[in-house]
Amino acid sequence: MSGMTAGRPHVALAVTALHGVSGGAERVMVDVANGLHRRGFPVSVFTYQTHNGPSFYPLDYGIARLDGRRKHSSGRSGSSLGGLTSLTRRNRLAATGVWIAQYAPKILAFRRLLRTARPDVAIGFLPSSFPYLELAATGLSIPVVSSLHNVPLRDLGGDPDRWDQNPVDIWARRRALRRSAANTVLLESFLDQLEPAARSRTHVVPNPIAPATLPPADVTTGPIDNTLLSVGRLSPAKDHATLLRAWARLERQHPTWSLRIVGDGLLYHELIELVAELGLERASIESSRPDIETVYSQAKILAMPSRYEGFGLVTAEAMAHGLPVVGFADCDGTNEIVVDDVNGVLVDSGADRIAALADELSALMTDQSRRQRLASAGPGSVRSFHPDQVIDLWDEIIVDVARSATSS
Amino acid sequence: MTRLTVCIPAYNAAEEIERAIRSIHVDEVDGDVEILVCDDGSDDGTASIVERLTADIPSIRLLRNRSNRGRPVTRNRLLSEARGDFLTWLDADDEKYPGMLRAQLEHLQRIEDERGEYGLEGLLVYTNYDWWWTGWERPRAMTPEQPDDPMMSLLDASFGGYLWLMMGTRQTFLDAGPFDERLPRLQDLGFFIRFAELGGRFERVDDESPLCVYHKDDRGRDAMSVWRAFTRLWKTYRHHYTSYGMFNARRWRRHHYRVARRFARGNDDTATHAWILTLEVLFVIRGRFRRLIFDA
């Protein structure tokens, strides 16, 4: 396969799985792969997936797809070792043993793919690929870029629900960030969460947000059906319960308004019960849908009750569609995209999150001219997330890393 | 603007080349057709026959290799010289039936109307075909199923597709190329595996009838070179084989031994047959041994 073809370095993008996986980071990876390929970069995509098959998000023709997993190579699967979590926390030796048994095949698989494809630069997406890719590249003189897609502290062991809690794995993640040729994080504020040795080589590369294809939402108050919208996975981090409780205080006062929550997730039944318990009449929860653009364009305000966000994809998308966004000032992600009183409202959560949110929402629901002012700033404030600009950033990092690798 | 290029590699094909070229019905194509023949250093006058035909069929353009460079080099030369928006192939000893070019172009046009220009990227359109062994009274119709997983259907040899069945945009062929010049045999398979790796897919035209004929015999099919070609493919694309599981990989690899042995038997080449059989036995023993260790 290719080495440095026609000046453009050959890029390999590694991720655990693409077949049947509809996550946000996978979508970004496919967008980046297609974007680079259309600019003439030779692109390969490495996976290590349990099931072979086409990517959920379509990759362009011309991008090489290579899967490193040797399926059925043994009757065991790595995941069964995940049950040993408590042991790995107590015993360092056991932790190392379990980690090696679990991840050595993945490291070797990535190494085989690196040797087969011989890319000039390899980029690992998410903590489930870059630590192993970095180790796999040892001695191959292929520079590795590690790409984080959430709040770094949470990705590096700060959230018990994110990634493997085995201390050896957390160490491998930190090590990769220190030793990679470059790292990427989604937001400027995330840089402070990295240790200095990692920070100095880290670039801020946001997620690409495509400009709206529909005209901006009409945020003037109508006689009926004024929608307060919330979009996002129904998970604890998104805290839809706070929004429902805040809505309970608003429903009577604002008879022309209704609350529409769009998303799927584990908390669906719990939230439906809460709607009943609060006796809400104009609050709905519906499944996420492909025509999300229409949903944005029919709303008046986007409410973002999240406690934390890896980036704020929905916030940025809503702004692109001309919606004012109301979110919490202490929510990473939201607070970097929303500028208070410019393109949305940042709620100071204070002692009572529910009351604070209800007050700010109520104020904005009754003030049409302010809504229009905030909404009109939306599209402009996410212009720097335009796919062309995001691919520009990747382009620069890749060319840079490839150049310093060949010159050293 | 040339609409379609038909690429024909020719080596010592004086007997059949005229039949092949005359089977191309240029009037089925709405636009200019280029019949691009590359003579690979033939010593039987193939080139002069093609030259004579040029008077009659102005679409012909003849390229010549100074010496015999082999199939893959010839195919790469054809690919780089072709000018058509679309491209297809024909081997010098085979024939297209009337309607083949029309059916394929119509299919491609429909896809372009439905999915836009990008819909044609990475798409090869094929037809059913007749398979005619020398000595048979009539051909047998072959109907390769449109594969759901192109890569798997190539590795497990369930997809009987050949290059001369395929039509696509010239760019689609260029993106998957060049042909591996170290593969004297099985260039089709090597090319298709690379094509599938890049996300390419095959679609069959709606017409069920065979639209071309493949004249086949075992003349000069040296079992050892077939064997070496399979081995090169196995080594180059090992990761694709193993990504379907070690069990499948070894099963599909074993098929290579069987095919090479079939050629050796066909040529009454007992020594080669015995040699490949020995390698096959060793391969099977090695596989058993590995399973004993890893599955214990």
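## Two-chain predicted model: folds and interface

Of the 296 residues in chain B, 40% count as buried. The model is predicted. In chain A, 46% of the 408 residues count as buried.

### The two chains

The table sets out both chains.

Take the contacts in chain A with a separation of 6 or more: residues 24 or more positions apart account for 69% of them. In chain B, 79% of the contacts between residues at least 6 apart join residues at least 24 apart.

### The sheet of chain A

Chain A holds an open sheet of six strands. The strand order is 10-9-8-11-12-13, and the pairing is parallel. Strand 10 (283-286) and strand 13 (344-347) of chain A are the edge strands, each pairing on one side only. From one strand to the next, the twist averages 20°.

Strands of a sheet pair through backbone hydrogen bonds, either parallel or antiparallel. Strand 8 (residues 226-231) and strand 9 (residues 257-262) of chain A run parallel and are joined by six bridges. Within strand 9 of chain A, A:Arg260 is the bridge partner of A:Leu229.

A helix covers part of this sheet. Helix 13 (residues 353-366) of chain A lies across strand 8, strand 9, strand 11 (301-304), strand 12 (325-328) and strand 13 of chain A. Helix 13 runs at about 160° to strand 13 of chain A.

### A helix pair in chain A

Two packed helices are described by the angle between their axes and the distance between the axes. Helix 3 (residues 92-117) and helix 6 (residues 167-179) of chain A pack at about 65°, and their axes are 8 Å apart. Helix 3 and helix 6 of chain A are therefore roughly perpendicular to each other. Helix 3 of chain A makes the contact with A:Ala95, A:Thr96 and A:Trp99; helix 6 of chain A makes it with A:Pro167, A:Val168 and A:Asp169. By class, this contact between helix 3 and helix 6 of chain A has four nonpolar, one polar and one charged residues.

### A loop residue of chain B

B:Asn68 sits in the loop between strand 3 (60-65) and helix 3 (71-81) of chain B. B:Asn68 counts as partly exposed because it has 14 C-beta neighbours inside 10 Å. Beyond its neighbours within four places in sequence, B:Asn68 is in contact with B:Tyr11, B:Asp40 and B:Gly41. B:Thr5 is 63 residues from B:Asn68 along the chain, and their C-alpha atoms are separated by 23 Å.

### Where the chains meet

How many residues of chain B are in contact with chain A? The contact involves 16 residues of chain B and 20 residues of chain A. On the side of chain B that touches chain A, helix 9 (238-242) and helix 10 (246-266) of chain B each supply at least two residues. That side of chain B divides into five nonpolar, seven polar and four charged residues.

Key: Residues are numbered from 1 along each chain as its sequence is written. Chains are lettered from A and ligands numbered from 1 in the order in which they are written. This is a predicted model: local features need pLDDT of at least 70, side-chain atom pairs count only at pLDDT 80 or more; totals for chains, interfaces and linings use all residues. Two residues are in contact if their C-beta atoms, placed from the backbone, lie within 7 Å. Helices (H or I, at least four residues) and strands (E, at least two) are DSSP runs, numbered from the N terminus. Ala, Val, Leu, Ile, Met, Phe, Trp, Tyr, Cys and Pro count as nonpolar, Asp, Glu, Lys and Arg as charged, and the others, Gly among them, as polar. A residue is buried if 20 or more other C-beta atoms lie within 10 Å of its own, exposed if 12 or fewer, and partly exposed in between; C-beta atoms are placed from the backbone. Two strands pair if DSSP finds at least two bridges between them. Axes are lines fitted to C-alpha atoms, for helices over the stretch in contact, and angles run from 0 to 180 degrees between N-to-C directions. Angles under 35 degrees count as roughly parallel, over 145 as roughly antiparallel, 65 to 115 as roughly perpendicular and the rest as oblique.
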